[in-house]
Structure formats: structure tokens, C-alpha cells
Amino acid sequence: MKTTPRPRLTVNLSALQANYQTLCARRPGAETGAVVKANAYGFGAERVVPALIEAGCRTFFTAYTFEAVRLRQSVEAIPDAVNLCVFNGPSAGDLADYDDYNLTPVLNTLAQVSLWQGQKSTCMLQVDTGMNRLGLTSKEVATLATNADAHGGLKVSHILSHFACSSDPGAAKNKRQVEEFKNLTNKLGKLFPKAEKSISASGGIFLPFDIDEKLTRPGVALYGASPQDQPVDALQTVATLEAPVMQIREVSSGESVGYGATFTGREHARVATLGIGYADGYPRHLSNCGKVILGGRKCPVIGAISMDLITVDITDCEDPIAVGAIAECFGPTLPVAEIATLAGTIAYEIFVTLGDRVERRYVT
Ligand SMILES: *Cc1c(COP(=O)(O)O)cnc(C)c1O
């Protein structure tokens, strides 16, 4: 017996691999890493990581140590040569995991530098060039650089920084950060002559000027969303979110739909109830303003988003819609960016908040 249809995310692993190649091609002089924090942006690291390894990726980033540990434990056949790096770096309590699971930390504070002192394996070092979030400040860089005796033994493979405004190619801050990065890496160059540079996430890879770096760290662009405020045509759609029609009803003029009676039809309407809600990560902010593709039409979401259900107006659909029909909530026809904008957020947040109830299906 078929079970009740539920919301479904289809992940196209070939499109993911094609996006990886596109990002590599934009930066022929640099290695292209992949950011797979938050379970590969909600897409399932167990399937995403092997697909990217197959595409040639050898350096992966998570945010937390336990995320990288989980990758080593759960993803079959990650070759030893594949580098698993942790943006947030180590604490005293998880230092041993770096040895046990062959992980590379990003050190962000002088305390983490001290903690890593004496470790034999490679680390990365993050410097702050204007984000004011993680990484050594210019003052701390100076402290480190003038204390060669204490820190010269660190094996730093890469010096990292991060752009604040790379979603806007015209932002003056981008070039200021590049300058500051040059300045700070020069200061550290004597101490760590072998350290390579890395500053670009997805947005940086699409900035319209040359950046001196040997490793990029894209996340969202791999998953098919534009890192810029404008669409990037070179990227393929990786994710399609769909929801099944569970019931169809006629609503007379003057009747309301859903919680709080926030929608009242002025005319007679046909309304389809779909199996997806805010528990699945469909944003409640799309109440009365979301859109879905159903029967070849862009249908408006009417009424409030419920935990498990949404209601859409299908009055204008040309093809008759039946129970069991599948609506596209975002995907090739309805870009995730459009839905994110309607919800007052960004594609990143839509991706990573998709719930456990959403069935993940992988296609090539
Ligand atoms: C999340 C993250 C990235 C990836 O960012 P995208 O915009 O998704 O490409 C790269 N570097 C750091 C430090 C990050 O935290």
C-alpha cells in the first residue's frame, strides 16, 4: 500500500556536480573546496559529500567539530586524502577528536592558537578583515607575528578570511577587505611561509576582480542558489521542493480560509490544501503571499500557513487539479530566491530549515 504522500525535496546530484565544476572553472588557479555545514545546507551530507568527492573535491568545511566527526563516521569511503576542516575550531573538550578523526581546525582566537600549540597536525588560521565575527583581529595578528618563538611551530596550511558584502559585487567593502587580507597575510608570511590564502565563499567567486587565493569555500552556489542579489545563470537548480494536494474544495464568496480567518474570498474560489507547513520549513511568513506551481500555473497561497498544511487558490488553473497532484514550492520553475524574498529571508535559510519530515530523494 502506498503511504500518504508528504512533502519531498528532490536533490539533483548531477546538477550539484555541474555547479562544482562551474565554480572550479571560475577559479582555475585555486582549489575549490565545499562547505557542508548544517548537514550540507539541509541537503544530506551523506549523499552530497560522496557526489562532490566524485566531482573532484578534496576539502570540506563544517562549522562544528561534531559535524566533521559525524562525516568521518557516517559517510562511507571518504578517502584519507580528503581534508575535513572545522570553521569554529577546537575547544579543550573536543581537541582529541582532531587526532582521532583526522580533522583540520580553523583557529580563530589566540586561545585556540595556544590550545593547538604542540599539536603536530596541520591547522588553518582565520583573520578578521572587516566582518567582525570570527578570526584574529589585526592587533592579535600583530601579537602573533611578533611572537615567532612561541608560535613558529604551528603548521598553518591556509590563512582564511571572510567577505561581509560579497553578495553585492559593487560594494566598496569587498576591495577594502582584499587589501586588509593582503596586509594581514603579509604580516603572517614570515611566520608561516607555506600558508596559502583563502577568502572567497560563493559570493567571492563571482566578484568581478582577481583575488589572490589558493582555496575557495563555496556553499550556497553548489546547491544552486545565487550568492548574489541577482540570479547567476551559470548555476543549475539542485533542489526541488514539492507538496501533494490532499483535498480540494469550493469556497463561496465571503467565506474565510484557515487559522485566524486571515483570507476572505471576494469571489467563489477553488482551493487546494497541500501537505506542507511550517513544521516542514515552509515559512509562516508566506501566509497570504506565497506562490506554488500547480497545473502549469503560479497559484497564490491564501490564508495562514499551518503547521502541516497550506491552502492555495487554484481557481485560475487551466488543467483540472485532482487530489494527489504535486505542487512545486520551489525548484526549476519557481526559483528559491523568489520564495525567499516573499518570505523576507534568503535561500540559505529556506534550505537549512527544511524539516525532517520532508522526504529527501536523490536523482542524477
Ligand atoms: C558558511 C561559510 C562559507 C560558505 O558560504 P556561502 O555563502 O554559502 O558560499 C564560507 N566560509 C565561511 C567562513 C563560512 O562560514
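Student: How do you know that strand 1 and strand 11 (residues 239-251) pair, and is the sense parallel or antiparallel?

Tutor: The two elements are joined by four bridges in the antiparallel sense, and because pairing requires DSSP to find at least two bridges between two strands, they qualify. At residue level, V11 stands opposite A239 in strand 11. Before going on, note that this is a predicted model, in which local features need pLDDT of at least 70 and side-chain atom pairs pLDDT 80 or more, whereas totals for chains, interfaces and linings use all residues. Residues are numbered from 1 along each chain as its sequence is written, and side-chain values use heavy atoms, with hydrogens and water left out.

Student: In which sense does strand 1 (residues 8-12) pair with strand 19 (residues 359-363), and over how many bridges?

Tutor: That pairing is parallel and extends over five bridges, and T10 is found opposite R361 of strand 19.

Student: What is counted as a helix or a strand here, and how many of each does the protein chain have?

Tutor: Both are DSSP runs numbered from the N terminus, with at least four residues of H or I for a helix and at least two of E for a strand; by that count the protein chain has 12 helices and 19 strands. One of the helices is helix 10 (residues 202-205), where G204 is found.

Student: What makes strand 3 (34-35) and strand 9 (196-198) edge strands?

Tutor: The open sheet has seven strands in the order 3-4-5-6-7-8-9, with parallel pairing, and strand 3 and strand 9 each pair on one side only. Within this sheet, strand 7 is joined to strand 6 (residues 103-107) by two bridges, with L107 partnered by L125 and V106 by M124. Strand 7 also pairs with strand 8 (residues 156-160), in the parallel sense over four bridges, and there Q126 has L160 as its partner.

Student: In which hand, right or left, does the β-α-β crossover from strand 6 to strand 7 run?

Tutor: Between the parallel strands 6 and 7, the chain passes through helix 6 (residues 110-116), and the crossover is right-handed. The term applies because, with the strands pointing away from the viewer, the path from the first strand over the helix to the second runs clockwise.

Student: Which residues of strand 7 (residues 123-126) point one way and which the other, and are they buried or exposed?

Tutor: C123 and L125 point one way and M124 and Q126 the other, yet all of them are buried. Buried means under 20% relative accessible area, exposed over 50% and partly exposed in between, with a 1.4 Å probe and protein chains only. For the chain of 364 residues, 50% count as buried.

Student: Why is N102 called partly exposed, whereas N132 is called exposed?

Tutor: N102 has a relative accessible area of 39%, so it falls in the intermediate class, whereas N132, at 69%, belongs with the exposed residues. N102 lies in the loop between helix 5 (95-100) and strand 6, and N132 in the loop between strand 7 and helix 7 (138-145). Each has a positive phi of about 55° although neither is a glycine. Most residues other than glycine have a negative phi.

Student: How many residues surround the ligand, and which are the closest?

Tutor: There are 13, with K37, Y41, S202, G219 and Y348 the closest; a residue is counted if one of its heavy atoms lies within 4 Å.
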